[in-house]
Structures are given as C-alpha cells and as structure tokens.
Amino acid sequence: LPEQEAFDIEYWLLEEAKLQRLPKSRPLEGRVALVTGGAGGIGLASARRLLGEGACVVICDIDRAALDEAEAALVGSHGRDRVAAFPVDVTDEGSVAALFREAALAFGGLDILVSNAGIASAAPLDETSLELWQRNLDILATGYFLVSREAFRLMKTQSRGGSIVFIASKNALVASPNAAAYCTAKAAEIQLCRCLALEGAPHGIRANVVNPDAVLRGSRIWEGEWRAQRAGAYNVAPNDLDEVYRQRSMLKLNVFPEDIAEAVHFFASELSAKSTGNILNVDAGHAPAFTR
Ligand code: NAD
C-alpha cells in the first residue's frame with residue numbers, strides 16, 4: 001500500500017478500537033418510565049427495551065400473578081435497583097392515584113409513561129351488549145384518560161418535561177369486522193393523545209401514539225376468545241391467523257411485541273424530540289389501506 005494509505009487505515013483501525021472500548025451510551029439513563037399492562041405482551045417488551053436503554057422502569061398491571069412473574073424476570077435480567085412493580089386497575093381512579101404516589105417515590109418522579117394496559121373483546125354490532133361496549137370504553141378510553149391525566153399532573157409539577165406514549169391500535173384508524181366497541185375506544189385514545197400533546201407542549205411534555213397491527217405472539221389478548229372471534233370474522237382457522245395477517249401486510253411480515261417496543265423507545269427518547277401529537281403505525285404496511 002502507498003505509505004499514506006497504510007497510515008490512514010492504521011489510524012482508522014485505532015480510532016475504531018477506541019470507540020469499541022468506550023462504554024456504550026445509555027440514552028435513557030436517569031429517566032423513570034411507567035408502563036401500564038407491563039405484566040406481559042407489548043408492555044413487558046416495552047419495559048425491557050426501556051431498561052435496556054438505561055431507564056428505571058415501573059411496571060403495573062391488574063393481574064398480580066403475571067405482574068410478580070414479570071417483575072422477577074426483569075429483576076433477573078436488569079437488577080433490583082432499576083425495576084419496581086405495583087398492582088393497579090386502570091379503570092379505578094383511586095387505584096391509579098395510589099399507583100402514581102408509589103411510582104413517583106420509587107425512583108424519583110416520572111419522565112415516560114407508556115399507556116398500554118388493555119383488552120380486546122368483540123361481537124357483531126347488533127349483538128354488542130351495553131356491558132361489552134362499556135367494558136371496552138372503561139378499560140381503553142377511560143383507563144388511558146385516568147393514567148395519562150395523572151402522569152400529566154405529575155410531569156407538570158416536576159417541570160422537567162416528559163414523554164407520554166399511547167399504545168392504541170390500527171383499529172383506531174380502520175374498521176375491523178365485529179369490533180365496533182374496541183375500534184371506537186381505540187379511536188378515542190388517539191384524540192385524547194392529541195389533546196395531551198396540545199396542552200402538554202408548553203410544559204415540554206410530548207404525547208404520541210403507536211398503532212400496532214395484529215401482534216399475535218406473546219400477547220395474552222390472542223390467547224382468549226379474541227382469537228376465535230377474529231378467526232370467525234376472517235373465516236379462517238384460529239391457527240391460520242398469523243398467516244392471514246402476514247399476507248395482508250405489504251412487507252409480508254408479522255409484527256412482534258419487540259417491534260412495538262422499538263417504536264415506544266423512539267417516542268420515549270430524544271430521538272423523537274420534535275414529534276408530538278403524532279401516530280406511528282407498526283403494521284408491516286397495511287395493504288388493504290392502499291389496494292382495492
Ligand atoms: P396482553 O393481554 O398481553 O397485555 C395487556 C395487559 O393489560 C395484561 O397484562 C392485562 O392484565 C393488563 N390489563 C388489562 N386490563 C387492565 C386493567 N383494568 N388495569 C390494569 N391492567 C390491565 O395484550 P397486548 O397485546 O400486549 O396488548 C397491549 C395493548 O396493545 C392493549 O392496549 C391492546 O389493545 C393494544 N394492541 C394490541 C394488539 C395485538 O394484536 N396484540 C394490536 C393493537 C393494539
């Protein structure tokens with residue numbers, strides 16, 4: 001090699017080696033995140049992702065057994081000093097207030113809320129009982145309201161900004177067969193998030209939405225009657241649903257909890273410092289929206 005070129009290569013190899021030895025930067029170090037519905041599925045994957053970036057994470061859930069199991073798993077992988085878990089029912093105002101009191105004390109305030117706790121229950125519109133309708137609205141729309149209102153209050157008081165991430169659904173934007181109550185409740189979450197973005201902006205509080213399409217693996221929603229319901233709506237066997245959703249996507253890919261967690265990390269971090277009131281669909285490209 002010519003002398004100068006050999007020198008350049010050696011120089012860059014040394015620089016590269018120096019970079020490798022530097023401690024990996026952890027962009028969320030010192031931040032505190034709260035993830036509702038953190039005992040499984042998308043919530044647990046999001047908690048793992050935020051922990052991986054250095055945040056302290058509080059998970060909460062109505063299912064105490066699953067919550068204990070998730071907490072033990074996170075403590076096992078990330079240590080006791082950055083993980084806490086509290087039970088909550090997001091439809092209960094007192095329970096949510098108590099959660100925020102405890103969560104705020106656990107690691108010193110709150111910087112990131114991931115509002116995710118949810119259900120999915122469905123029926124044809126003419127068979128949708130008032131109870132089913134109310135259940136969807138209570139857990140999804142009202143649950144997201146109670147949790148994000150509390151986060152908003154706390155973040156405002158702290159005066160250090162914050163990021164609120166809503167896990168809504170593609171069903172907030174597109175109609176899905178036999179899921180009117182779910183689709184309506186999910187659409188409400190999006191408008192709530194936009195209002196939060198508007199009122200939060202003067203305080204440096206951002207609010208954004210991640211819309212997953214079907215995330216079958218790892219989600220307990222898909223272990224229940226929802227799977228049979230969806231299979232019936234698409235006229236396929238329950239075990240064929242993965243393939244139905246894969247084929248429906250433009251990229252011909254299924255979506256996993258870790259894909260949603262990646263979008264959560266984006267909105268939670270400074271990577272999205274200039275995004276608020278926005279929606280990111282994580283759906284491998286929703287082909288029906290573009291084709292006839
Ligand atoms: P999941 O059932 O695995 O996790 C949801 C968690 O929420 C559960 O641990 C559950 O116990 C908890 N929860 C339910 N009701 C609660 C309450 N009242 N108070 C506190 N916790 C409660 O399901 P998932 O797939 O991880 O779903 C997470 C979110 O993503 C939900 O809001 C869901 O609507 C949304 N979503 C999921 C999909 C999907 O295909 N999995 C698609 C679009 C949107």
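**Exercise 1. Find how strands β1 and β2 pair, and what covers β1.**

Solution. Strand β1 (residues 32–36) runs parallel to strand β2 (residues 56–61), and five bridges join the two. Keep in mind that this is a predicted model.

Step 1: look at the two faces. In a regular strand, side chains alternate between the two faces of the sheet. In β1, Val-32, Leu-34 and Thr-36 lie on one side, while Ala-33 and Val-35 lie on the other.

Step 2: check the burial. The residues on both sides are all buried, which gives five of five for the strand.

**Exercise 2. Work out which residues have the most contacts inside the largest nonpolar core.**

Solution. Step 1: start with the general rule. Nonpolar side chains tend to be buried together in soluble globular proteins.

Step 1: turn to this model. Its largest nonpolar core holds 77 residues, and Ala-33, Val-57, Ile-59 and Ile-260 have the most contacts inside it. Helix α6 (residues 180–200) supplies the largest share of this core, eight residues.

Step 2: follow Ile-260. Setting aside residues up to four places away in sequence, Ile-260 touches Ile-42, Ala-45, Ser-46, Ile-167, Val-210, Pro-212, Val-215 and Val-282.

**Exercise 3. Decide whether Val-282 is buried or exposed, and trace its contacts.**

Solution. Val-282 belongs to strand β7 (residues 279–282).

Step 1: count neighbours. A residue needs 20 or more C-beta atoms within 10 Å to be buried; Val-282 has 20 and therefore counts as buried.

Step 2: list the partners. Beyond four places in sequence, the contacts of Val-282 include Val-210, Pro-212, Val-255 and Ile-260.

Step 3: compare sequence with space. Asn-211 is 71 residues from Val-282 in sequence, but their C-alpha atoms are 5.9 Å apart.

**Exercise 4. Describe the shell around the ligand.**

Solution. Step 1: take the residues. The ligand is surrounded by 30 of them, the closest being Gly-37, Gly-41, Ala-117, Gly-118 and Ser-219.

Step 1: find the elements. Those that give two or more residues are α2 (41–52) and α5 (130–158), and α2 gives the most, three.

Step 2: The shell has 15 nonpolar, eleven polar and four charged residues.

Terms used:
Residues are numbered from 1 along each chain as its sequence is written. This is a predicted model: local features need pLDDT of at least 70, side-chain atom pairs count only at pLDDT 80 or more; totals for chains, interfaces and linings use all residues. A residue is near a molecule or strand if its C-beta atom, placed from the backbone, lies within 6 Å of it. Helices (H or I, at least four residues) and strands (E, at least two) are DSSP runs, numbered from the N terminus. Ala, Val, Leu, Ile, Met, Phe, Trp, Tyr, Cys and Pro count as nonpolar, Asp, Glu, Lys and Arg as charged, and the others, Gly among them, as polar. A nonpolar core is a set of buried Ala, Val, Leu, Ile, Met, Phe, Trp, Tyr and Cys residues joined through C-beta atoms within 7 Å. A residue is buried if 20 or more other C-beta atoms lie within 10 Å of its own, exposed if 12 or fewer, and partly exposed in between; C-beta atoms are placed from the backbone. Two residues are in contact if their C-beta atoms, placed from the backbone, lie within 7 Å. Two strands pair if DSSP finds at least two bridges between them.
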